[in-house]
Amino acid sequence: QVQLVESGGGLVQPGGSLRLSCVTSGITFSIYAMEWYRRSPDKQREFVARITVSEATIYANSVKGRFTISRDNAENSVYLQMDSLKPEDSAVYYCKVYARDYWGKGTLVTVSS
């Protein structure tokens with residue numbers, strides 16, 4: 001049974017930082033690229049970042065230079081470091097296995113003063 005469990009969301013002021021974590025089980029984590037997506041109430045689901053098995057990364061233009069995706073194969077985990085947060089970054093953030101329909105349940109990030 002594949003499980004992805006996100007954590008680390010919360011309320012943060014504009015300009016602040018958060019680090020999201022996603023722990024996986026039921027898959028051979030090291031052979032999969034991993035992704036983060038987000039969805040806010042007034043928008044469709046949006047791609048945020050991807051990290052490949054060789055740790056190459058790709059980011060949405062809206063977060064480039066502010067967010068950093070990383071992975072730890074020993075921990076079966078993928079992370080999203082979010083800096084210089086803006087109110088428009090408020091959303092539920094989901095991790096996903098690339099090219100597979102495996103999703104976590106999400107963690108809520110709210111950026112507000």
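User: Taking buried as under 20% relative accessible area, exposed as over 50% and partly exposed as in between (1.4 Å probe, protein chains only), does Ala99 count as buried or exposed?

Analyst: This is a predicted model, in which local features need pLDDT of at least 70, side-chain atom pairs count only at pLDDT 80 or more, and totals for chains, interfaces and linings use all residues. Residues are numbered from 1 along each chain as its sequence is written, and side-chain values use heavy atoms, without hydrogens or water. Ala99 lies in the loop between β9 and β10 (107-111), strands being DSSP runs of E with at least two residues, numbered from the N terminus. With a relative accessibility of 52%, Ala99 is classed as exposed.

User: What is the relative accessible area of Glu55?

Analyst: Glu55 sits in the loop between β5 (46-51) and β6 (57-59). Its phi is positive, about 70 degrees, although the residue is not a glycine. Glu55 is partly exposed, its relative accessible area being 48%.

User: Is the disulfide of Cys22 and Cys95 right-handed or left-handed?

Analyst: Cys22 and Cys95 are both buried. The torsion about their S-S bond is about 50 degrees, so the disulfide is right-handed.

User: Which strands stand at the edges of the sheet?

Analyst: Six strands make up an open sheet of mixed pairing, in the order β2-β10-β9-β4-β5-β6; two strands pair if DSSP finds at least two bridges between them. One side of each edge strand is left without a neighbour in the sheet, because each has a single partner strand; these are β2 (10-12) and β6.

User: Which residue in β6 stands opposite Ile51?

Analyst: The pairing of β5 and β6 is antiparallel and runs over three bridges. Opposite Ile51, the residue in β6 is Thr57.

Notes:
A disulfide is a pair of cysteine sulfur atoms within 2.5 Å. Helices (H or I, at least four residues) and strands (E, at least two) are DSSP runs, numbered from the N terminus.
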